[in-house]
Amino acid sequence: MRLRSRLGRLDRRLFATVAGAKLPGLERLVPVLSRAADNSLLWAGLAGALAVSGRRPLRRAATRGMLAVSLASPLVNLVGKQAFGRSRPSPDGLPLRRMIKMPVSASFPSGHSASAAAFATAVAVEAPAVVAVPVALLAAAVCFSRVYTGVHYPGDVLAGAAIGVATGLLTRRLWPEAVTGAPRVVTASPVPGHDPDGQGVVAVINSSAGGDPAAAAAVRAWLPKAEVVEAGGPEVAEVMDAAAARARMLAVAGGDGTAGCGAQAALRYRKPLMIIPAGTLDHFAATLGLHRPEDAMIAYRSGGVAAVDVGEVAGRIFLNSASLGVYRQIVDRRESVEQRIGKWPALLWALGRVLRTAEPEEVVVDGVPQRIWLLFVGNCRYDSRGAAPRLRRRLEDGLLDVRLLTAASRLPRLRALTSVLLGGIGLSRHYQQWQADTLRVSSPSGVVRLARDGETCTVAGDVEFTKRPRSLLVVRPAG
């Protein structure tokens, strides 16, 4: 209690110092800045400006920034303020031109500061310093404005900023930053008749992938002799199949689902595949070292080709992973609304729904009955521990990486989902991990529901996961 009393007195003295300061030229500007950050409108505007910049790192920064804000804001306003209920500072003595409308919510912690720090931290994960530093300074100015205008104590701001930084860093668990460093692959012989201008390349651009609209323009600019086909919706698979049949090399532009569909067609016709990152996540392309459409163009011109593993389940290819359990439920719910509200809002909505309604699934894994929250099957071994790993250092090890999170009375829904999102923290005996070249799964209901590279499907009967080692030729950066 004595320490708390001392901190309270220090907080009030610092408030008096800042709120009483006279800063010529800023008396009217700072309140305007503070009001601009109401309801995170300032950060939404900045995210919009980054999103339309045409640069992929800035678009990722915008998406990550708004994801961080959407996590920080309810955490502060619905949990923090309700838990502490601290009264607002007294506005007595503040100059009238500096005062803003006093919020009716509790003072601790500061929601404006949490959103500002969350957005700035998330942007710093993706954006270069020339963008991240000004955003950080603007966020600091918003934090300062909350004390200068008399609506928060400094302690409120510091606590809010700390929560914001934490949620900004948490987004790296929910959505990993672009992978740096090339994984180990098996170099293959150059494609016969390789033409730097794209002769023999048929590029299918998935216009419904929700990603980079400049992909088609990049292909036409870099590979003027390539055939470019733009398609969307359920007919994309058929278009890719026809393209692979007539191409010397198949190129596909979209997200991970598009890449997996392209791999299916390329393997059917034994053609090499060029993956052009143009989706929302692009995990497999990033693992290959391809982060922008231009990266794929440069890799093609260099002639670099590698032989990589693919996983197969129920006759369909997966490049990253296939999952049962809560992850499949999240993807299923996201897909049901993402066409109406967008992928990231849909993902957050899906997370909230699953947190309230998810139930364990009864399955049989290699003959052993299990009650599970999650079964993760990765194409090649992933480096990090946990039920939802992200990083691979090899793409040709011939293994399936199996992660199993079992359900028990001492592992309730909230803790299970938190463990999945945070990379396996505190899983202990409920978590199992092993490698295999095959895996058989069945369900007492006779139907297995799974997600494969971010897309859901339903399979009747037993399901077998297998590997096709070094079967797919992909374009990758030389060296």
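Predicted model: local features only at pLDDT ≥ 70, side-chain atom pairs only at ≥ 80, totals over all residues.
Residues are numbered from 1 along each chain as its sequence is written, and side-chain values use heavy atoms, with hydrogens and water left out.

The protein chain has 15 helices and 16 strands, which are DSSP runs numbered from the N terminus, H or I of at least four residues for helices and E of at least two for strands. Of its 479 residues, 52% count as buried, meaning under 20% relative accessible area with a 1.4 Å probe, protein chains only.

Let me turn to helix H9, residues 236-246, where Val-236, Met-240, Ala-243 and Ala-244 are buried. Seen down the axis of H9, these buried residues fall within an arc of 100°, so they line one face of the helix; the arc is taken from the directions from the helix axis to the C-beta atoms. Their cover includes strands E2 (201-206), E3 (227-231) and E4 (249-254), together with helix H10 (256-268).

Finally, the strands, where pairing requires that DSSP finds at least two bridges. Strand E14 (residues 447-452) runs antiparallel to E8 (residues 321-325), joined by two bridges, and Ala-322 stands opposite Arg-452 in E14. Six bridges join E14 to the antiparallel strand E15, residues 455-460, with Arg-449 opposite Thr-458. E14 and E15 form a hairpin with two residues between them, and Asp-453 in the turn has a positive phi of about 50°.

Note on methods
Buried < 20%, exposed > 50% of the residue type's maximum accessible area, 1.4 Å probe, protein only. Contact = heavy atoms within 4.5 Å.
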